[in-house]
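Subject: Structure handover

Hello,

Please find the structure below, followed by notes on what was found in it.

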Amino acid sequence: MIFDFYIMLKNYKQLWDWFFVFHHSATIYAYLAVMSYGVLPFFAIYRLLAEISTPFVDLRWFIDTLGYPKTSLQNMVNGVLMTLSFLIVRILVMPHFWYIVYSVIGTEDFNRIGHIRLVLVLSCFILDTINIFWFLKMCRGVKKVITLKLDANK
């Protein structure tokens, strides 16, 4: 994550996006807090599972770099798998995650960790907001490419 952020800063003219900045900043800050204070490892691992969708995001870049058109089979299959994996590991888990957070709020252990409580709630809220935005963007993209492909086949 830190290296990814470094690459984004180094190549800001091509890669700069405020959502990526917020995403990387919130993630790095949260994981540094978890590692520095040794608290909330369950929540950190739970959130880290969201990265299961990342290979499809990276593969999208490779397919694009290789010059495959948006309506190619490779692009379409990867787009659908990327969107489905994103849905499963980032969107559908949100209610369960927030239920667990809600269930520990007010407990003695939760109150004892001080400002780290805010790290948990704020960083995860930021990440979930960004993930919802990206997911909706992916859904529009998949719909657009499938519609283009169906229109081309008519």
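How many helices and how many strands does the protein chain have? The protein chain has nine helices and zero strands, where helices (H or I, at least four residues) and strands (E, at least two) are DSSP runs numbered from the N terminus. Read along the sequence, the pattern is α-α-α-α-α-α-α-α-α.

Two remarks on provenance come before the rest. This is a predicted model, in which local features need pLDDT of at least 70 and side-chain atom pairs count only at pLDDT 80 or more, while totals for chains, interfaces and linings use all residues. Residues are numbered from 1 along each chain as its sequence is written, and side-chain values use heavy atoms, with hydrogens and water left out.

Overall figures

Taken along the principal axes, the C-alpha atoms of the protein chain fill a box of roughly 65 × 35 × 20 Å. The protein chain exposes about 10,300 Å², of which carbon and sulfur atoms supply 72%; accessible areas come from the Shrake-Rupley method with a 1.4 Å probe, and for residues only the protein chains shown count as cover. Of the 154 residues, 33% are buried. Buried means under 20% relative accessible area, exposed means over 50%, and partly exposed is in between (1.4 Å probe, protein chains only). Among contacts (heavy atoms within 4.5 Å) between residues at least 6 apart in sequence, 71% join residues at least 24 apart.

Annotated spans

The unreviewed UniProt entry carries the annotation "transmembrane region" for residues 28-50, 80-101 and 113-136. UniProt positions are given in the numbering used here, feature names are shortened, and annotations may be inferred rather than shown by experiment. Residues 28-50 are 78% helix and 0% strand, with the end C-alpha atoms 14 Å apart. Residues 80-101 are 91% helix and 0% strand, and there the end C-alpha atoms lie 31 Å apart.

Helix 6

Helix 6 covers residues 73-91, which is 19 residues. From first C-alpha to last it reaches 26 Å, close to the 27 Å expected at 1.5 Å a residue; the expected span is 1.5 Å times one less than the number of residues. Buried residues in helix 6 include Asn75, Met76, Gly79, Met82, Phe86 and Arg90. Among the elements that cover the buried residues of helix 6 are helix 3 (18-37), helix 5 (54-65), helix 7 (94-104) and helix 9 (116-153).

Helix 6 also takes part in a nonpolar surface patch. Val80, Leu84, Ile88, Leu92, Ile146 and Leu150 make this patch, with an area of about 510 Å². Helix 6 and helix 9 are the elements that give two or more residues to the patch, and the largest share, three residues, comes from helix 6. Leu150 is found in helix 9. Patches are made of residues with over 30% relative accessible area and no salt bridge; like charges are joined within 9 Å, and nonpolar side chains (Val, Leu, Ile, Met, Phe, Trp, Tyr) within 5 Å.

Salt bridges

A search of the whole structure finds four salt bridges, a salt bridge being a side-chain nitrogen of Lys or Arg within 4 Å of a carboxyl oxygen of Asp or Glu. Three of them are described here.

- Arg47 and Asp128: the closest N and O atoms are 2.5 Å apart. Arg47 lies in helix 4 (residues 41-48) and Asp128 in helix 9, so the pair ties together parts that are 81 residues apart in sequence. Arg47 counts as buried at 15% relative accessibility, and Asp128 counts as buried at 5%.
- Arg90 and Glu51: the side chains meet at 3.5 Å, N to O. Arg90 is in helix 6 and Glu51 in the loop between helix 4 and helix 5, 39 residues apart. Arg90 is buried at 6% relative accessibility, whereas Glu51 is partly exposed at 29%.
- Asp64 and Lys70: the closest N and O atoms are 4.0 Å apart. Asp64 is partly exposed at 44%, and Lys70 is partly exposed at 47%.

Two positions in helix 9

Val121 lies in helix 9 and is partly exposed, with a relative accessible area of 30%. Not counting residues up to four places away in sequence, Val121 touches Trp98 and Val101.

Leu136 and Thr83 are 53 residues apart along the chain, and their C-alpha atoms are separated by 9.3 Å.

Regards
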